[in-house]
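User: Hi, I'm new to reading structures. Could you walk me through this one?

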Amino acid sequence: LMERTFVMIKPDGVRRNLVGQIISRFELRGLKIIGMKMLKMDKETAEKLYAEHKGKSFFEDLINYITSGPVVTIVIEGDGVVLLMRKMIGNTDPKESPPGTIRGDMAITKSENVIHASDSPEKAEKEISIFFTEKELIKS
Ligand code: CMP
């Protein structure tokens with residue numbers, strides 16, 4: 001089943017110079033990157049991306065963190081890539097993420113966990129549309 005997913009290297013990942021190592025993992029795995037851009041999110045965009053967390057205790061901290069510096073947004077296409085990317089990044093809490101996963105190898109705290117990936121194909125399409133126009137995505 002052909003799918004697309006939205007992946008984002010968060011500000012701590014960019015700040016810690018992990019961008020190359022993370023993208024390397026996608027390339028090593030043979031994943032197909034069809035869109036990529038670096039940007040600094042404004043508050044409105046951040047609140048749109050994390051709308052489902054509005055009202056939660058950590059919401060304000062999350063918005064401040066995610067807008068604190070540039071992020072790298074990436075669109076990946078492939079068979080079953082939504083679940084595959086979730087497996088590659090690991091659990092939300094890096095302490096619950098096994099070694100070999102991106103968070104298990106590169107992160108330690110739940111709030112600053114280096115990377116985001118969509119949790120369903122529906123969410124992926126929604127998140128992609130926040131950051132990319134269809135024209136910006138490579139068509140095979
Ligand atoms: P992610 O799963 O990519 O998207 C929601 C983010 O909210 C999550 O990564 C964390 O960065 C953050 N988050 C989720 N739960 C907590 C929590 N309990 N405390 C702080 N941050 C959290």
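This is a predicted model: local features need pLDDT of at least 70, side-chain atom pairs count only at pLDDT 80 or more; totals for chains, interfaces and linings use all residues.

User: What does UniProt list for residues 2-139?
Analyst: The UniProt record, an unreviewed entry, lists residues 2-139 as "domain: Nucleoside diphosphate kinase-like". In the model, that span is 41% helix and 20% strand, and its end C-alpha atoms lie 13 Å apart.

User: Which residues in helix H5 are buried?
Analyst: Helix H5 covers residues 81-89, and within it Val81, Val82, Met85, Met88 and Ile89 are buried. Seen down the helix axis, these buried residues of H5 fall within an arc of 130 degrees, so they line one face of the helix. As background, residues three or four places apart point the same way in an α-helix, because there are 3.6 residues a turn.

User: And what do the buried residues of H5 pack against?
Analyst: They pack against several elements, including strand E1 (2-9), strand E3 (71-79), helix H2 (19-29) and helix H7 (121-131). After H5 comes glycine 90, which has a positive phi near 95 degrees.

User: Switching topic, which residues are around the ligand?
Analyst: They are His53, Phe58, Leu62, Thr92, Lys110, Ser111, Asn113 and His116, and this shell divides into 5 polar, 2 nonpolar and 1 charged.

User: What does UniProt say about His116?
Analyst: The unreviewed entry in UniProt places the feature "active site" at His116. In the model, histidine 116 is found in strand E4, and leaving out residues up to four places away in sequence, histidine 116 touches Val7, Met8 and Lys10.

User: Is histidine 116 buried or exposed?
Analyst: Histidine 116 is buried, because 21 other C-beta atoms lie within 10 Å, and the cut-off for buried is 20 or more.

User: Back to phi, which residue other than glycine has a positive value near 70 degrees?
Analyst: That is valine 114, whose phi is near 70 degrees, and valine 114 sits in the loop between H6 and E4. Asparagine 17 also has a positive phi, of about 60 degrees, although asparagine 17 is not a glycine, and its place is in the loop between helix H1 (11-15) and H2. For context, most residues other than glycine have a negative phi.

User: Why does asparagine 17 count as exposed?
Analyst: Asparagine 17 counts as exposed because it has 8 C-beta neighbours inside 10 Å, where the cut-off for exposed is 12 or fewer. Valine 114, on the other hand, is buried, with 24 other C-beta atoms within 10 Å.

How values were computed: Residues are numbered from 1 along each chain as its sequence is written. UniProt positions are given in the numbering used here, feature names are shortened, and annotations may be inferred rather than shown by experiment. Helices (H or I, at least four residues) and strands (E, at least two) are DSSP runs, numbered from the N terminus. The arc is that of the directions from the helix axis to the C-beta atoms. Two residues are in contact if their C-beta atoms, placed from the backbone, lie within 7 Å. A residue is near a molecule or strand if its C-beta atom, placed from the backbone, lies within 6 Å of it. Ala, Val, Leu, Ile, Met, Phe, Trp, Tyr, Cys and Pro count as nonpolar, Asp, Glu, Lys and Arg as charged, and the others, Gly among them, as polar.
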